Amino acid sequence: MKKVLIMEDELNIRSFVVINLKRAGYDVIEAGTGQEALELLAQYPDIGVAILDIMLPDMDGFEVCRRIRATNKQMGVIMLTARTQEMDKVTGLMTGADDYVTKPFSPAELTARIDALFRRLGGDSVVVADVLAQGPFVMNTLNHTLEKNGVRIRLTQVEYAIVKLFMQNPGRALAREEILSAVWGREYEGELKIVDVNIRRLRIKIEDDTANPVYITTVWGFGYKWGA
Ligand code: CA
């Protein structure tokens, strides 16, 4: 079960989050202070996403985020912010956090953000094998690496997520909308064009001849297909 930590000192908000996340199928760990959160994070290394309130009695949420990032770059971090907090300050301090949610928030909004993070971190679905091998490509889903003919290809998180989606669906035409929602999350409201931009970049990295792509082929008016 996917494990989520919620750090919030206000009991009514915390309980509200816990009830809703449990209902959404998450295993939820609760902390009321920064100190408690850090202890629990050390105790449960399998926590995939941490939701951190900013205003706490012992330290602020940004400090907790900083300490998490000092040792863990993988974990998803969502900050809980109050509407009264100046957003300039919040975004300035956001370094290290992946996302933020402003109070009051709906449970659906929060779970959508958490789902998106788990998906982006590759923690989604059942990992059938640690290694996906197709044609010249070998993907290691534990190390998040891709090799072509034994040579490591450096990918951004988004590019990695796209290739992983392709390798899980070989030979199937994927609609651009499907790629967008799988990689960026169902709630993402950006433009479809971002899919094309990333595919173009990916082709430069993985195709032998970008003018005549053979691994990622275009399905005109629809999307893309993985053909390795
Ligand atoms: Ca608080």
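In the protein chain, residues 24 or more positions apart account for 54% of the contacts with a separation of 6 or more. The model is predicted, and its protein chain has eight helices and twelve strands. The C-alpha trace of this chain spans about 60 × 35 × 35 Å along its principal axes, and buried residues make up 46% of its 228 residues.

**Calcium site**

- The calcium ion is coordinated by E8 and D9 through OE and OD respectively, by D53 through OD, and by M55 through O, at 2.1 to 3.1 Å.
- Along the sequence, the donor residues of the calcium ion follow the spacing E-D-x43-D-x1-M; because D9 lies in the loop between β1 (3-7) and α1 (11-23) while D53 lies in strand β3 (residues 47-53), the pair ties together parts that are 44 residues apart in sequence.

**Five-stranded parallel sheet**

- Five strands, in the order β2-β1-β3-β4-β5, form an open sheet in which the pairing is parallel.
- The edges of this sheet are β2 (27-31) and β5 (99-103), each of which pairs on one side only, and the twist from one strand to the next averages 20°.
- Within the sheet, β1 and β3 pair in the parallel sense over five bridges, and M7 has L52 as its bridge partner in β3.
- Helix α1 lies across β1, β2, β3 and β5 and runs at about 170° to β2.
- Helix α5 (residues 107-120) lies across β1, β3, β4 (76-82) and β5, and its direction is at about 140° to β3.

**Three-stranded antiparallel sheet**

- A further open sheet, made of three strands with antiparallel pairing, has the order β10-β12-β11.
- Its edge strands are β10 (173-175) and β11 (216-219), each pairing on one side only, and neighbouring strands of this sheet are turned by 35° against each other on average when direction is ignored.
- Strands β11 and β12 run antiparallel and are joined by four bridges, and T217 stands opposite K225 in β12.
- Helix α7 lies across β10 and β12, running at about 75° to β10, while α8 packs on the sheet by touching β11 and β12, with its direction making about 145° with that of β11.

**Nonpolar cores**

- The largest nonpolar core has 25 residues, of which F166, I179, I206 and W226 touch the most other members.
- At least two residues of this core are supplied by each of β7 (137-140), α6 (157-168), α7 (176-184), α8 (193-206) and β12 (223-226), and the largest share, seven residues, comes from α6.
- A second, separate core of 22 residues includes A31, L40, F62 and V77.
- Once neighbours within four places in sequence are left aside, the contacts of F166 are L174, I179, I199, I216, Y224, K225 and W226.

**Packing of α6 against α8**

- The axes of α6 and α8 come within 10 Å and cross at roughly 80°, which means that α6 is roughly perpendicular to α8, since angles of 65 to 115 degrees count as such.
- On the α6 side, the contact is made by V158, E159, I162, V163 and F166, and on the α8 side by N198, I199, R201, L202 and K205.

**An exposed strand residue**

- V151 lies in strand β9 (residues 151-153) and is exposed, because its relative accessible area of 53% is over the 50% limit.
- The C-alpha atoms of V151 and M79, which are 72 residues apart along the chain, are separated by 38 Å.

Notes
Residues numbered from 1 in each chain as written. Predicted model: local features only at pLDDT ≥ 70, side-chain atom pairs only at ≥ 80, totals over all residues. Heavy atoms only, no water. Buried < 20%, exposed > 50% of the residue type's maximum accessible area, 1.4 Å probe, protein only. Donors = N, O, S within 2.8 Å, 3.2 Å for Na, K, Ca; no water. Core = buried A, V, L, I, M, F, W, Y, C linked by side-chain atoms within 4.5 Å. Contact = heavy atoms within 4.5 Å. Pairing = 2+ DSSP bridges. Axes fitted to C-alpha atoms, helices over the stretch in contact; angles between N-to-C directions. Parallel < 35°, antiparallel > 145°, perpendicular 65-115°, else oblique.
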